[in-house]
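Let's take a walk through this one, beginning with a single side chain and ending with a set of aromatic rings. Have the viewer open as you read.

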Amino acid sequence: MRNFTRRALLQSSIAAAGTGALPSLAAGLDTSARARKGRIHQSVCQWCYPHIPVDQLAEYAANIGLRGVDLLHPDEYEIPRRYGLVCTMGYAEGGEIGKALNRAENHAAIEQGFRTNIPRAAKAGVPNVITFSGNRSGLSDEEGARNTIAGLNRVKKIAEDYGVTICLELLNSKVNHPDYMCDHTAWGVRVMREVDSPNVKLLYDIYHMQIMEGDLIDTIRGNLQWIGHFHTGGVPGRHELDGTQEVQWDGVMRAIADAGFRGYVAHEFVPTGDPLASLRKAADLCDV
């Protein structure tokens with residue numbers, strides 16, 4: 001289970017759909033929406049729940065006091081609004097994990113994707129869209145950084161004009177995404193400093209950065225101005241935020257909240273047990 005990827009989970013959801021194997025949410029629903037403290041604005045990544053329709057996941061998320069659903073495609077942007085939520089991070093054709101901004105030949109397609117989908121995101125109230133560096137594939141980190149800066153400079157005005165934030169994701173290259181370039185906070189921050197736009201930020205994935213760097217709280221505090229979004233996930237394995245893994249989530253969340261972060265923290269772990277119970281426990285743990 002250590003090497004789960006979004007693509008693998010999406011493929012498994014297609015297989016499940018063919019059998020009609022979708023769980024009932026009735027057992028997991030509380031009788032009324034759960035009030036949250038509001039210091040951490042929590043969301044949930046849809047791809048981790050491949051057998052649960054987006055509508056049902058959004059309904060449950062609203063019921064347990066979450067603010068949104070993460071990583072939806074443009075034709076799904078509006079679904080969370082039916083339940084008083086938002087799509088907190090959208091796909092917008094901003095490249096792929098292995099093939100994106102660090103190579104100039106990808107910039108035109110990414111620009112076209114953003115020109116098409118950032119207006120759609122703005123209309124649906126989606127605050128963030130995702131992008132990636134791409135893999136090194138023999139490219140130096142210096143050249144890749146220059147190319148990524150150029151690519152983001154090319155599209156940042158689209159984001160600024162529509163009030164949407166483009167988020168460049170930090171991922172680990174040790175376990176899940178070998179050869180991925182944006183695999184350390186310092187590289188990502190260097191890119192952010194050069195682009196210097198309020199609408200271009202980092203997606204700081206806590207799971208991935210614990211694997212690559214550790215030192216989470218000090219790193220987050222020192223670089224919060226460049227961070228627009230967070231993801232969670234238990235280390236090791238990307239599973240529940242519980243006693244089987246090494247991150248002290250309530251401490252990390254307190255640091256994020258105390259530093260004044262007002263964006264979203266989206267749960268991106270792959271449940272090993274009851275998925276809805278696991279999500280509710282994670283929401284409780286991070287409600288600091």
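Buried here means under 20% relative accessible area, exposed means over 50%, and partly exposed is in between (1.4 Å probe, protein chains only). Keep in mind that this is a predicted model, where local features need pLDDT of at least 70, side-chain atom pairs count only at pLDDT 80 or more, and totals for chains, interfaces and linings use all residues. Residues are numbered from 1 along each chain as its sequence is written, and side-chain values use heavy atoms, with hydrogens and water left out.

Start at His-107, in helix H3 (residues 107–123); helices (H or I, at least four residues) and strands (E, at least two) are DSSP runs, numbered from the N terminus. With a relative accessible area of 6%, His-107 counts as buried. What is His-107 in contact with, leaving aside neighbours within four places in sequence? Leu-101, Asn-147, Ala-150, Gly-151 and Arg-154, where contact means heavy atoms within 4.5 Å.

Now for the rings. Those of Phe, Tyr and Trp (its six-membered ring) pair if their centres lie within 6.5 Å; planes under 30 degrees apart are stacked, over 60 edge-to-face, and the rest tilted. The structure holds 2 aromatic pairs. Tyr-204 and Phe-230 have ring centres 5.8 Å apart and planes at 65°, so they sit edge-to-face. Tyr-204 belongs to strand E6 (residues 200–205) and Phe-230 to strand E7 (residues 227–232), so this pair ties together parts 26 residues apart in sequence.

Phe-230 also pairs with Phe-261: centres 4.9 Å apart, planes at 85°, so edge-to-face. Phe-261 is in the loop between helix H8 (249–258) and strand E8 (264–267), 31 residues from Phe-230. Both Phe-230 and Phe-261 are buried, as is Tyr-204, and ring pairs link Tyr-204, Phe-230 and Phe-261 into a cluster.
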